[in-house]
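Try each one before you read its solution.

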Amino acid sequence: MVKKWDFGKTSDGRDVAAYTIYGGPGASATILNIGCVVQSVVVPDKNGNPVEVTLGYDDAELYAKNPCCYGGLVGRNCNRIRGGKITIDGIEYSLALNDEGLNNLHSGPNGFQFRIWKEGKVTDNSVELLLESPEGDQGYPGKMDVAVTMTFTADNALIIDYRAEADKDTIANFTNHSYWNLNGAGEGLVDGHIACIHADRFVPKAADSVPDGTFCDVTGTSMDFRQPKKLGQDILAGDELLIKDGGYDHHFDINGEGFREACYVLGDKTGIKMTLSTDADGVQMYTGNKLNDPNGSKGKFFADRGGVAIEAQFVPNSINDPAYKTSLLKKGDVFTQKTVYAFSTV
């Protein structure tokens, strides 16, 4: 069942609608038409008690600003583009430099995560949201039409299906930027969460936090999650790869191709397990190193490392770097991506 309700209004007068999709007993997911945001996911813990596992806001205006991109659908391009410059079909395009004046981050101050999306098809367990991005939007070439379907199943899986096409060659690199605390949103840090990532390689970063054009074997590094370990193990040990960011903010090249399991994370107190599967090339894991947010839902404070975001996407800056699979979407082609967050208990 899907319940549509009024979430509120932004300061500039935009009406924000919410869609709560009910899953198994005591479970639900709430999607907003602003930013195609995953505002809430509630699932039972090992004792059957409902737990809010994603970080979010209770106020529509906070989502109009949303500096941490809680739950947002980021586009046209997620993550960083070096120097805010791209060249497509021999033409250079300039993008906003909103990452310390160095790079374009998450498509700048007017990304898809701040827009009001149109309602498409609504079923008994899903909602489709639509966005038309005009020529020149955010500095990108081409008019683009985007459709995202959010489904929440009876066995508590949140499924995100993306579809996009454009009338010129452009970028299509979308992700969902939800942060997860499987012990409960606002209930401490995620340092004790257990994570396993099915990746033999990660992507090293240059001094500007953009990938350096290589892959690196995870063996012997803090990036090796092939055997489950605590998210905070190497952060708290002061590992040199993690010092600059205060934790993880790195891209992992997921083993295999096509739709497959990428990773899982386990709440050490609740026994809630989240398994992420995707057909994207890789995932960016960000341990919420710079949250420090007093405005969390239900009056909660979201501390630094109070949530972990695991974002299915292309390698950052891949539009500019032939070392990586490109995020270029050719005119006439259709971009699709499927990512599933499946919740269970251990």
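**Exercise 1.** In which order do the six strands of the open sheet lie?

*Solution.* A word on the source: this is a predicted model, where local features need pLDDT of at least 70, side-chain atom pairs count only at pLDDT 80 or more, and totals for chains, interfaces and linings use all residues. Residues are numbered from 1 along each chain as its sequence is written, and side-chain values use heavy atoms, with hydrogens and water left out.

Step one: know the terms. Strands are DSSP runs (E, at least two residues), numbered from the N terminus, and two of them pair if DSSP finds at least two bridges between them.

Step two: read off the order, β17-β26-β25-β22-β19-β20, with antiparallel pairing.

Step three: check the ends. β17 (179–180) and β20 (216–217) are the edge strands, each pairing on one side only.

**Exercise 2.** How many bridges join β19 to β22?

*Solution.* Find β19 at residues 199–203 and β22 at residues 249–254. Four bridges join these antiparallel strands. Now look across: Phe202 sits opposite Phe252 in β22.

**Exercise 3.** Which strands does β14 get joined to by bridges?

*Solution.* Start with β13 (residues 144–152): nine bridges tie this strand to β14, running antiparallel. The two make a hairpin with four residues between them, and Asn156 in the turn has a positive phi of about 65 degrees. Next comes β28 (residues 335–345), joined to β14 by eight bridges, also antiparallel. Finally, pick out Ile160 in β14: Met150 stands opposite Ile160, and Ile160 also stands opposite Thr339 in β28.
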